[in-house]
Protein chains: 4
Amino acid sequence: MMVGIEIRCINREAGTVVRNERRKGQRPDEIIDAAFEEFAAKGYAEARLDDVASRAGISKGLVYVYFKTKEELFKAVVRTFLIPRFAALAGRIEASEDTTEAIIRGPVLATMKEVAASRLVIILRLLIAEGPKHPDLTEFYHREVITRGIAVIRQLIDRGVARGEFRPTPLTRFPQLVVAPMLVALIWRSLFDSIDKLDTAAMLETHIDLLLHAIKTPPEANVP
Amino acid sequence: MMVGIEIRCINREAGTVVRNERRKGQRPDEIIDAAFEEFAAKGYAEARLDDVASRAGISKGLVYVYFKTKEELFKAVVRTFLIPRFAALAGRIEASEDTTEAIIRGPVLATMKEVAASRLVIILRLLIAEGPKHPDLTEFYHREVITRGIAVIRQLIDRGVARGEFRPTPLTRFPQLVVAPMLVALIWRSLFDSIDKLDTAAMLETHIDLLLHAIKTPPEANVP
Amino acid sequence: MMVGIEIRCINREAGTVVRNERRKGQRPDEIIDAAFEEFAAKGYAEARLDDVASRAGISKGLVYVYFKTKEELFKAVVRTFLIPRFAALAGRIEASEDTTEAIIRGPVLATMKEVAASRLVIILRLLIAEGPKHPDLTEFYHREVITRGIAVIRQLIDRGVARGEFRPTPLTRFPQLVVAPMLVALIWRSLFDSIDKLDTAAMLETHIDLLLHAIKTPPEANVP
Amino acid sequence: MMVGIEIRCINREAGTVVRNERRKGQRPDEIIDAAFEEFAAKGYAEARLDDVASRAGISKGLVYVYFKTKEELFKAVVRTFLIPRFAALAGRIEASEDTTEAIIRGPVLATMKEVAASRLVIILRLLIAEGPKHPDLTEFYHREVITRGIAVIRQLIDRGVARGEFRPTPLTRFPQLVVAPMLVALIWRSLFDSIDKLDTAAMLETHIDLLLHAIKTPPEANVP
DNA sequence: AATGAATGAGGGTTCATTCAT
DNA sequence: TATGAATGAACCCTCATTCAT
């Protein structure tokens, strides 16, 4: 028995140096990855820190070294997984020099398809489920993701109108309408996919078709 | 549902003397109401049956007389609150004899506004959050609500096409596109309403406007 | 709702007279029977009064009219099922006029076989299991059943010795030795019967054979 | 077992300063000891894990670190206390080289006295009481303890017959008859000891006397 | 006599969190 | 940094018991 303990201690000392060197920077991310999986699989309340820890291959106690509480860890997951993705998307959209229609049919549609197909559902579900219990997180999310997303889309619509491609419509007031089907796709996949598959990509294409049809300046209007 | 509540209140006041009035018929509904509030406020995992009980003005044990487990109670809440509402909506829509456009601008839009403004958000949130953990409930919900809703809308679109009001579009394949903004409205209200109000009604009107614009048979096509 | 209540009341009044007449005397026994089954199936702690009541075809409340507590009911079961049986056995044994050996090979062995095969196991198990928690019951059981049983057997042995059939042995001090195999049979059946059947009757016959062989006056002793 | 306890005590005194000494190796045994006491005093259903924990000087939660459920703990108690004892007994009996009669009057009788006097009653009571509810435990017990015990005794009888010490009797078929009085002694002590003491040792001696008398080859058979 | 709605204490179990090492 | 033993509060659920009718 004592032998066992001593051996363990020796190992620990021998391994400490190496591990520390190698892992110092990576630990939090490893934990966040593991937590993402756990939260994704179980939801916030059902996710157990024990399982997060073993998924990350560490002890439960170590989780607390990096994240003060379960809630902090949850927030870290949301931040880590949502923000960079959305930032990337926004960048891609803004950069383009094409026709507005081309941008919408191109990067915007692609982005929507991508999001609808990604594992972001999981985070979204968490957000919808836990949002009311984490007001600061919701607020953060709104500020960092939603506001920016809305702004990008609104600019795009305004750009189309300014260039005479689109007729002025109240869509400017409600850019949410552009992304609404993406949300439906996400939720559908999360809930009903096993029962009733939905061709998300085709649906989004149809949506963009109809939307453009509705807002494009009618060609015959140019004929005097 | 409201009728039930009123009766209950009357009984309560009238019967303050008796401790043990025969409530068997009303109890389940009372408990379901209370549970709805609890689940709405806390989410499934955080809702405590103790609190459900005190909200209903009864003891914890009595909850278990009517609902075998917390999960059963949850399912009862979903059934009670969702199914009748959706059934009513479907009926209202099907009954009409108007132009398809009139139906959409009338009962359909009204319904969407109503749903978006109602407390159904709460149930929807629960469903999205807990869905993956309650496959039978999700399946039930899909069968009873979603399938029917989709069918109603699809019929409506087909009706418009058949009557020459609408041009044929792939919208028929994706009736979800019609209700997508309602979902966004629901979720927005649930999450961001305190931060950033959204004129749900106006958004839905805009949506219907654009959608009809996109699918209506162009009038100039009739001019020879 | 009110209609329902009124109907129920009417029924009740109509049926009360008949039921009372017929059941007054039988109720306790019916309940005891039901309780025996329940205790037998589940053990004391696991037996639920709800199930006892429905087994008896009555409401839970009525059980409390006849038996103040669960424990009282348990005691009633033990009394009702054990005492009369043992009394009957004792009577049967005492009445005989045969050789002591004949009595032992006849009624005693028969009785032991009978007991070993009967559902008394159940009560015995309850007694062994719950005994230490119900000292008064144990004491009652010892006084009413054990003491008498021991006395009957001791008298029988003494009778054999007095008549010169048996040689004097310390068996007189320990009549328990005569019934010990019956106990083993009971317990074996209760625990291991499904795994490893035991021919209880043959075992008891063997036991009696050996016992008589051991205590009978050797025949050659009579030869001068 | 005793060794374990002593070590534990020493550690405790030596380590009063440390709150969190590494006890992993000893904890389970400590808990099992405490549980044995609890189950013995209250029976399975009435034993509270809270009390087990405080008896062991730990918190309730820690019990669950080592034993998944109350039932697991119960099984651990049975395994820990029964198996080693019976194994020891079997070993002791098999080793001997004496006359079969000497073995029976020696180690076998001693063993039976020992068991009858030990606290094994408690476990036996638990087994009888809970057996029907824990079929796997019963089966385990039958396989590990009963079968082996029966086999040992049967071999002993056969040995006596083979060596001409015993005459052939159906006792071979029912080795249970050899230990039956031990069972009676156990149960008697458990239930009636406070009311009506029984000289267990004397009873077992009488039993062995009578049994040997019954099966020994009659000496006059040697006289031509 | 009979009902059954209602109670509430109590127990098994889980798990986020702490802390000595 | 890293461990994992240990804690304890909290929650779901059960059921003997009561009591108005």
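Student: Which rotation, and with what shift along its axis, superposes chain C on chain D?

Tutor: In this predicted model, copies are superposed by least squares on the C-alpha atoms of residues with pLDDT of at least 70 in both. Treated in that way, chain C is brought onto chain D with an RMSD of 0.2 Å.

Student: What percentage of the contact residues of chain C recur in chain D?

Tutor: Residues count as in contact if their C-beta atoms, placed from the backbone, lie within 7 Å. By that criterion, 38 residues of chain C are in contact with 38 residues of chain D. The same surface serves both copies, and the recurring share is 100%.

Student: Which element gives the largest share of the side of chain C that touches chain D?

Tutor: Helices are DSSP runs of H or I with at least four residues, and strands are runs of E with at least two, numbered from the N terminus. Those giving two or more residues to this side are α7 (120-130), α8 (135-162), α9 (176-192) and α10 (200-215) of chain C. The largest share, ten residues, comes from α9(C).

Student: Which element of chain B gives the largest share of the side that touches chain A?

Tutor: Residues are numbered from 1 along each chain as its sequence is written, and chains are lettered from A, with ligands numbered from 1, in the order in which they are written. Local features need pLDDT of at least 70 and side-chain atom pairs count only at pLDDT 80 or more, while totals for chains, interfaces and linings use all residues. This contact takes 38 residues from chain B and 37 residues from chain A. The largest share of the chain B side, eleven residues, comes from α9(B).

Methods:
Contact = placed C-beta atoms within 7 Å.
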